[in-house]
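Subject: Structure handover

Hi,

Here is the structure I promised you. Please open it and keep it in view while you read my notes below.

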Amino acid sequence: MDEMMMTKQMRRSALQRNAYDVETVRAMERPLLNRGVPLMRMAASAAAQVTDELLDEHDIDVADANIVLLAGAGDNGGDGLYAAAQLARAGAQVTTIAVGESLHIQGLLAFTHSGGRLLVLNPEASIPGVSNGFGAGEAGERLQAAMELVQHADVVLDAMTGIGVHGPLQGPAATMAQMLHPAGESAKGSHTTPCTNGEKPFVVAIDTPSGIGVNDGTLPGSYIPADVTVMFGAMKPCAMLPPATFTCGRVVLIDFGFDITHIVPAVSSIDNKAGTMLRRPKPTDSKYSRGVVGLITGSVKYPGAAVLSSTAANHCNIGMVRYLGPANAADMVLRNAPEIVTGKGRVQAWAVGSGVPTADALYVIEDHTSGRHSTHTPDAQREAIAALLNHYALSDENTGESVGNAGIAPNRRGSDLDCSNGPWAMPPICVDAGALDLLPKRVPQHVVITPHAGELAALLRLHGEQVDTSAVTAEPWRWAKRAHELTGATVLLKGAVTIIVGDSEMAGMAPQENDDETEHHIVAHKATTTYISGSGPAWLATAGAGDVLAGIMAAMLAQQNEGQIQQHPSLSATTAASASYIHGYAAGLASQSNEQGWEPPEIFGAKGIRQSGENPGHPIVAGDVVAALPQAIENLLGNSHELTR
């Protein structure tokens, strides 16, 4: 492969796996605009071609198609108008519904010259050649006409807002969104295939779906989910972050040729980079050098979590697993995997908490004639975890004293661990489920926490935040970042698209605009990094899947070079994201499904096979994911660029 082809592939990979915030995108496009590159015409032409292809895929000739453009003011509306004009010239019946007070003038001229029709909804609109000031009665009639046009359309082009509008939709734009997507409905489709049911038109979003949080992935109000999003220049965070990512449908990215060299993305996908985090065994290895995992998981009540976490770690490319837990759990572990060692010993990484009861679960309310009261049942697993986690407690910045977990004072006496060098000398650790409420106030970044939304909300409340599960679900990135800020831990927030937030020390290029050109200045800084991982099918939402992830996480942490994760902050997040990717990828193999929570975008004009999502696969249980891990690791080690299921 020649150097030019390699460079092209590396650029394509970077575009498919990184998203940039709006300010960065605007700064990257400024030099091209200053040189007169016709970005709007390029965007519109690509959007029209994608729409034409969508029609063709569903046996609709463009000359027979009814297309409606929802156009707002500004450049996004201009992109839509030029695309609509091209489709009208190809023979489609195209109507533009103007939802704002103005339209892009040149785009409007191109559209009207192509024979397109225009319907204005806002009485206050100031659009050349269009009367305004109509009364409430006529405004209602126009809105009804707009609804009928949309209902009978084959395709709706959504160009109402783009990247320039923040907050919920207002006025006619909100009304059209509510009509196309009534409150309470889930997003139309996934990243794999359009999901039109024959009663609603296909929706092609121009750059981004209207009504979503472009920079933070939220859904602040009414929105229009797309079957296809034609995104311009570079991915925006909404294309990767939940819940907005689920509204984008299939994403087609138009490469404008931005200079993305050394530009720090807002969000990245781990994808096939996960394979580079697996340690290939060497002829000189022993079981100890390949990595040893220690587990304090499972309990008398939930011994199955011990089995799932230990067998997952055992199948994930390490040399040895040590298990510490109650006798019934240890017996089950050994029956399933007799090579696992029970008892204490040196380890390279820990996983704790899976299948362990929370503090609340240990309080029993008793009803006596004298009244109700609480009693606390001690749990040996929680006590062992608390003792271990206290060794990870960092000193409080104000008092200089170690800050332990709630209700249990740090105590190093009698410990079997050498903590002479403090928390930073401790092995990396995955803290899951029932151990999250034992987390010290502040910990190093090589402590990886793996909550779901409800568990993260509970942890944040322990830190004084007034937040519930629904708030975390609505703004997962915000609260994952907040948990990292409060605790110092690397945060893995589980979901169909998992979010990983951790430290990142990097020297990056910050684009700085001036009047004529964009200059890239090197900025060395300590920042956070965000990965997403969406490699798993929906079948992965099954009991015990989190226990399996904890075992994989510990194994991935253990097989990194000893001490490297503590010394290099970014490795914690990269390793955690890789574990999540392997977890989902193995689930895809086990279920024989090619559906995923998130897929990289197609690059417009690039050759390649589109992920069809036509094979949903079959149900699985957590043990099936464990069984698929060896094949997943073989595939990842053998070829980290082209993976198939």
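Which residues of α13 are buried? They are P476, W477, W479, A480, A483, H484, L486 and T487. Before you go on, please note that this is a predicted model.

Now the helix itself. Helix α13 covers residues 476–487, which makes twelve residues. From its first C-alpha to its last, α13 reaches 16 Å. That is close to the 16 Å expected at 1.5 Å a residue. Look just after α13 and you will find G488. G488 takes a positive phi of about 85°.

Next, two helix pairs. Helix α4 takes part in both.

Start with α3 and α4. Helix α3 spans residues 39–57, and helix α4 spans residues 74–89. They pack at an angle of about 50°, and their axes are 8 Å apart. That angle makes α3 oblique to α4. The crossing of α3 past α4 is right-handed. On the α3 side, the contact is made by M40, R41, A43, A44, S45, A47, A48, Q49, T51 and D52. On the α4 side, it is made by D75, G78, D79, Y82, A83, Q86 and L87. Sort the residues of this α3 and α4 contact by type, and you get eight nonpolar, five polar and four charged.

Then take α4 and α5. Helix α5 runs over residues 105–113. The axes of α4 and α5 come within 8 Å and cross at roughly 15°. Angles under 35 degrees count as roughly parallel, and α4 and α5 are therefore roughly parallel to each other. Their crossing is left-handed. From α4, the residues L81, Y82, A84 and A85 take part. They meet Q106, G107, L108, A110 and F111 of α5. The residues of this α4 and α5 contact divide into seven nonpolar, two polar and no charged.

Where does T450 sit? T450 lies in the loop between β17 (447–449) and α11 (453–462). Is T450 buried or exposed? T450 has a relative accessible area of 1%, so it is buried; the cut-off for buried is under 20%. What does T450 touch, leaving aside its neighbours within four places in sequence? T450 is in contact with C430, V431, D432, E455, L492, K494 and M553.

Best wishes

Notes. Residues numbered from 1 in each chain as written. Predicted model: local features only at pLDDT ≥ 70, side-chain atom pairs only at ≥ 80, totals over all residues. Heavy atoms only, no water. Axes fitted to C-alpha atoms, helices over the stretch in contact; angles between N-to-C directions. Helix = DSSP H or I, 4+ residues; strand = E, 2+ residues; numbered from the N terminus. Parallel < 35°, antiparallel > 145°, perpendicular 65-115°, else oblique. Left-handed = near helix turned anticlockwise from the far one by under 90°. Contact = heavy atoms within 4.5 Å. Nonpolar A, V, L, I, M, F, W, Y, C, P; charged D, E, K, R; others polar. Buried < 20%, exposed > 50% of the residue type's maximum accessible area, 1.4 Å probe, protein only. Expected span 1.5 Å × (residues − 1).
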